[in-house]
Amino acid sequence: KKYGDVGLEVSDWLPNLATCADDLAVVRSMWTTDNDHAAEFQMHTGRHALDEQQPVIGSWIHYGLGSLNENLPQFVFLGQFSDNRVRKDFAPDYLGPAHGGVQLSLDPANPLPFAARAKDITLEQQRSEFAFINELNQLTAKDHPEDEQLKARIQSYELAFRMQLSVPEALDLAKETAGTQKLYGIDNPTTAVYGRRLLAARRLAERGVRYSLVYLSDYGEWDSHQKLKENHSRSCERIDKPVAGLIKDLKQRGMFDDTLVVFCTEFGRTPAVEGGGQFNAPATGRDHHPHGFSVFFAGAGVKRGCIHGATDELGFHAVEHPHYVTDIHATVLHLLGLDGRRLEIPGRKRLEMDHGKVIREILT
């Protein structure tokens, strides 16, 4: 059905997000070049899996803008995966390890499993240990002043110590009111996982974290080569209320005009059914489809109630204002005050397509 003054068509499986129709700028004409799941990483680097690796957009933002809160990482990953390839999503590549993403746990008892202080060690004892390690590292750095790995290691030890005091407070969702937790669906087992991640992202943004990468699907249900209705309806239910809750929460807190929300996928699904063959099943699924799909933007600098671009009448190809995935990167960097064409490293000049073009039609 159509929702809002803009008349945005929203699936019946997303009733909560439908109430936010007039807050969204939907781009219906995205395309990419990878028809397999490496497109997931292409969304972050702008490069095909067979191309030269590039830093992810979170690393570019960290590199270009620096820190707003020295006690928290500026590029955070909220998600959980068994697929080791996802580590590429944190990759700073040639920008250096200091600009990589930091994965945080939402376990309130152990938000920093990689840097937690042992129970039998006092704060002062650990402070002395870190000071001694830092002294050794600094001595080594004098002999190897150009060692980027060593520099990053020194910074990581310093940040890890500071994070022990600030991260647990930032991720303490119990401090939120019952009404706020309900808004994100944390009170419901179906929506609790994603609700917690998005609420954590909002709390981190309040405390100066510039970029949070939140993964919303751990179950593989979006890859519906069969049973699309069953799988997608279940996945939509898991994310619908939390995503709408984030938008509504940002608005009620006065953060909507200062915070940019970008909701993406790796690619679309074919407009034709898929089934039989290797899956030996009825035609109830959809295949991977990189030629035309939708994403939406909301918040800082973005038009409210905006529909931009279109696919052909079959939903097969992006034909009206087509945008490659790096156009998302260019738009995000532009809204953060960065010029992606000036974010280059000597000897590492990027391709024209890597830079992307700002999607100005959706901006205020």
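Guide: Buried means under 20% relative accessible area, exposed means over 50%, and partly exposed is in between. Keep that in mind for this predicted model.

Visitor: Is Trp31 buried, exposed or partly exposed?
Guide: Trp31 has a relative accessibility of 27%. Buried needs under 20%, and exposed needs over 50%. So Trp31 counts as partly exposed.

Visitor: How many aromatic pairs does a search of the whole structure find?
Guide: Some rings even join into a cluster: ring pairs link Trp60, Tyr63 and Tyr94. Over the whole structure, the number of aromatic pairs found is six.

Visitor: How are the rings of Trp31 and Tyr324 arranged?
Guide: A pair of aromatic rings is described by the distance of the centres and the angle of the planes. For Trp31 and Tyr324, the centres are 4.9 Å apart and the planes are at 45 degrees. Planes under 30 degrees apart count as stacked and over 60 as edge-to-face. So this pair is tilted.

Visitor: How many residues apart in sequence are the parts that Trp31 and Tyr324 tie together?
Guide: Trp31 lies in strand β3, residues 24–31. Tyr324 lies in strand β14, residues 323–324. The pair therefore ties together parts whose separation in sequence is 293 residues.

Visitor: Is Tyr324 buried or exposed?
Guide: The relative accessible area of Tyr324 is 6%. The cut-off for buried is under 20%. Tyr324 is therefore buried.

Visitor: Where does Tyr215, the ring partner of Phe77, lie?
Guide: Phe77 and Tyr215 form a tilted pair, 5.5 Å centre to centre with 50 degrees between the planes. Phe77 is in strand β4, residues 75–78. Both Phe77 and Tyr215 are buried. Tyr215 lies in the loop between β6 and α8.

Visitor: Why is helix α9 largely enclosed by the rest of the structure?
Guide: Helix α9 spans residues 326–335. Among its buried residues are Ile328, Ala330 and Leu333.

Visitor: Which residue's backbone oxygen lies 2.7 Å from a polar atom of the Thr331 side chain?
Guide: Thr331 is found in helix α9. Thr331 is buried, with a relative accessible area of 0%. Leaving aside neighbours within four places in sequence, its contacts include Phe297 and Leu363. The backbone oxygen 2.7 Å from its side chain belongs to Asp327.

Visitor: What accessible area do Phe132, Leu136 and Leu139 have together?
Guide: Leu139 is in helix α4 and counts as partly exposed at 47% relative accessibility. Phe132, Leu136 and Leu139 form a nonpolar patch on the surface. Together their accessible area is about 300 Å².

Notes:
Residues are numbered from 1 along each chain as its sequence is written. This is a predicted model: local features need pLDDT of at least 70, side-chain atom pairs count only at pLDDT 80 or more; totals for chains, interfaces and linings use all residues. Side-chain values use heavy atoms; hydrogens and water are left out. Buried means under 20% relative accessible area, exposed over 50%, partly exposed in between (1.4 Å probe, protein chains only). Helices (H or I, at least four residues) and strands (E, at least two) are DSSP runs, numbered from the N terminus. Patches are made of residues with over 30% relative accessible area and no salt bridge: like charges are joined within 9 Å, nonpolar side chains (Val, Leu, Ile, Met, Phe, Trp, Tyr) within 5 Å. Accessible areas come from the Shrake-Rupley method with a 1.4 Å probe; for residues, only the protein chains shown count as cover. A salt bridge is a side-chain nitrogen of Lys or Arg within 4 Å of a carboxyl oxygen of Asp or Glu. A polar contact is a pair of N or O atoms within 3.5 Å; within protein, one must be able to donate a hydrogen and the other to accept it, and residues adjacent in sequence count only if both atoms are side-chain atoms. Contact means heavy atoms within 4.5 Å. Rings of Phe, Tyr and Trp (its six-membered ring) pair if their centres lie within 6.5 Å; planes under 30 degrees apart count as stacked, over 60 as edge-to-face and the rest as tilted.
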